[in-house]
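Reader: Can you walk me through this one? I have some questions about how the parts sit together.
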Amino acid sequence: MNEAEKVIIVEGNSDKKKIKKIITEQVEIICTNGTIGVEQLENIIEDHQLDYRDVYLLLDEDDSGHKLRKQLTRELPHAQQLYVDRSFREVETTPDYELASILVRADIAIDTNYLKG
């Protein structure tokens, strides 16, 4: 298991790559690859010990993102909700400076060069 205390849950690999280049601290990023089944979610929670870690949800502002957020929030009520602006709709299409400011507000260390728009 990864020793990182913090875990960010995203939908896709492109989201993961985009966030990975912005953060500077060791954070585990888990991709759900869209909506997931109950058993798959339970496996992720158990395999990554999510009940005992700082979990952040950074999902798209669309129907599938809302559905996944609802599902994850039910299973991980301690997870911190991070939102991209509705106008960008997806994590992948959100500008780097916007994502950087969302992450820094959540107390996740970032490369401050990304804060410049």
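Reader: Which residues point one way from strand 1, and which the other way?
Author: This is a predicted model. In it, K6, I8 and V10 point one way from strand 1, while V7 and I9 point the other way.

Reader: How many bridges join strand 1 to strand 2?
Author: Five, and the two strands run parallel. V7, for example, stands opposite E28 in strand 2.

Reader: What does the whole sheet look like?
Author: It is an open sheet of four strands in the order 2-1-3-4, with parallel pairing. Strand 2 and strand 4 (80-83) are the edge strands, each pairing on one side only. From one strand to the next the twist averages 25 degrees.

Reader: What about strand 3 and strand 4, how many bridges there?
Author: Four, again in the parallel sense. Y56 has Q80 in strand 4 as its bridge partner.

Reader: Switching topic. At what angle do helix 1 and helix 4 cross?
Author: At roughly 70 degrees, and their axes come within 10 Å. Helix 1 covers residues 13-22 and helix 4 covers residues 96-105. The two helices are therefore roughly perpendicular to each other.

Reader: Which residues make the contact?
Author: From helix 1, K18, I19, K21 and I22; from helix 4, D96, L99, A100 and L103. By class, that contact has five nonpolar residues, three charged ones and no polar ones.

Reader: How many residues are in the largest nonpolar core?
Author: It has 20. I8, I19, I23, L58, L103 and I108 have the most contacts inside this core. Strand 1, helix 1, strand 2 (27-31), strand 3 (54-59) and helix 4 each give two or more residues to it.

Reader: Which element gives the largest share?
Author: Helix 4, with four residues.

Reader: And L58, what does it touch?
Author: Leaving out residues up to four places away in sequence, L58 touches I8, I9, V10, I19, L82, Y83, V84, V91, L99, I102 and L103.

Key. Residues are numbered from 1 along each chain as its sequence is written. This is a predicted model: local features need pLDDT of at least 70, side-chain atom pairs count only at pLDDT 80 or more; totals for chains, interfaces and linings use all residues. Side-chain values use heavy atoms; hydrogens and water are left out. Axes are lines fitted to C-alpha atoms, for helices over the stretch in contact, and angles run from 0 to 180 degrees between N-to-C directions. Angles under 35 degrees count as roughly parallel, over 145 as roughly antiparallel, 65 to 115 as roughly perpendicular and the rest as oblique. Contact means heavy atoms within 4.5 Å. Ala, Val, Leu, Ile, Met, Phe, Trp, Tyr, Cys and Pro count as nonpolar, Asp, Glu, Lys and Arg as charged, and the others, Gly among them, as polar. A nonpolar core is a set of buried Ala, Val, Leu, Ile, Met, Phe, Trp, Tyr and Cys residues joined through side-chain atoms within 4.5 Å. Buried means under 20% relative accessible area, exposed over 50%, partly exposed in between (1.4 Å probe, protein chains only). Two strands pair if DSSP finds at least two bridges between them.
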